[in-house]
Amino acid sequence: MKEHPDKHIRAAIDYALQRGWLFITSGKSAHCFGRLQCGVAEHRDHMMSIW
């Protein structure tokens, strides 16, 4: 996983990953840094973009 330049956002991503969320990297042409998606199969539509 690539690292976000902001240490607070990196900490928030690490916090979410430790609690079962998935990080999806964006492509090179994407505007956002990536997305966090809920790790529970029934909740795959629960996600947020990381800018």
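**Close-up views of a predicted model**

**View 1. Cys-38 in the loop between β2 and β3.** Cys-38 is buried, having a relative accessible area of 9%, where buried means under 20% relative accessible area, exposed means over 50% and partly exposed lies in between (1.4 Å probe, protein chains only). The place of Cys-38 is in the loop between β2 and β3, the latter being residues 47-50; strands (E, at least two residues) and helices (H or I, at least four) are DSSP runs, numbered from the N terminus. Leaving out residues up to four places away in sequence, Cys-38 touches Gly-20, Trp-21, Leu-22, His-43, Arg-44 and His-46, contact meaning heavy atoms within 4.5 Å. Leu-17 is 21 residues from Cys-38 along the chain, and the C-alpha atoms of the two are separated by 9.5 Å.

This is a predicted model, in which local features need pLDDT of at least 70 and side-chain atom pairs count only at pLDDT 80 or more, while totals for chains, interfaces and linings use all residues. Residues are numbered from 1 along each chain as its sequence is written, and side-chain values use heavy atoms, with hydrogens and water left out.

**View 2. Ser-26 in the loop between β1 and β2.** Ser-26 lies in the loop that runs between β1 (22-25) and β2 (34-37), and with 18% relative accessibility it counts as buried. A polar atom of the Ser-26 side chain lies 3.1 Å from the backbone oxygen of Cys-32, and the backbone nitrogen of Gly-34 lies 3.5 Å from a polar atom of that side chain. Beyond residues up to four places away in sequence, Ser-26 touches Lys-2, Cys-32, Phe-33 and Gly-34.

**View 3. Phe-33 and the largest nonpolar core.** Phe-33, which also lies in the loop between β1 and β2, is buried with a relative accessible area of 12%. Together with Ile-13, Ala-16, Phe-23, Leu-36 and Ile-50, Phe-33 makes up the largest nonpolar core, six residues in all; such a core is a set of buried Ala, Val, Leu, Ile, Met, Phe, Trp, Tyr and Cys residues joined through side-chain atoms within 4.5 Å. Glu-3 stands 30 residues from Phe-33 in sequence, yet the two are 9.3 Å apart in space, C-alpha to C-alpha.

**View 4. Helix α1 and its end.** Helix α1 covers residues 7-18, and its 12 residues should span 16 Å at 1.5 Å a residue, which agrees with the 16 Å between its end C-alpha atoms; the expected span is 1.5 Å times one less than the number of residues. Just after α1, Gly-20 takes a positive phi of about 95°.

Key. Polar contact = N/O pair within 3.5 Å; in protein donor to acceptor, adjacent residues only side chain to side chain.
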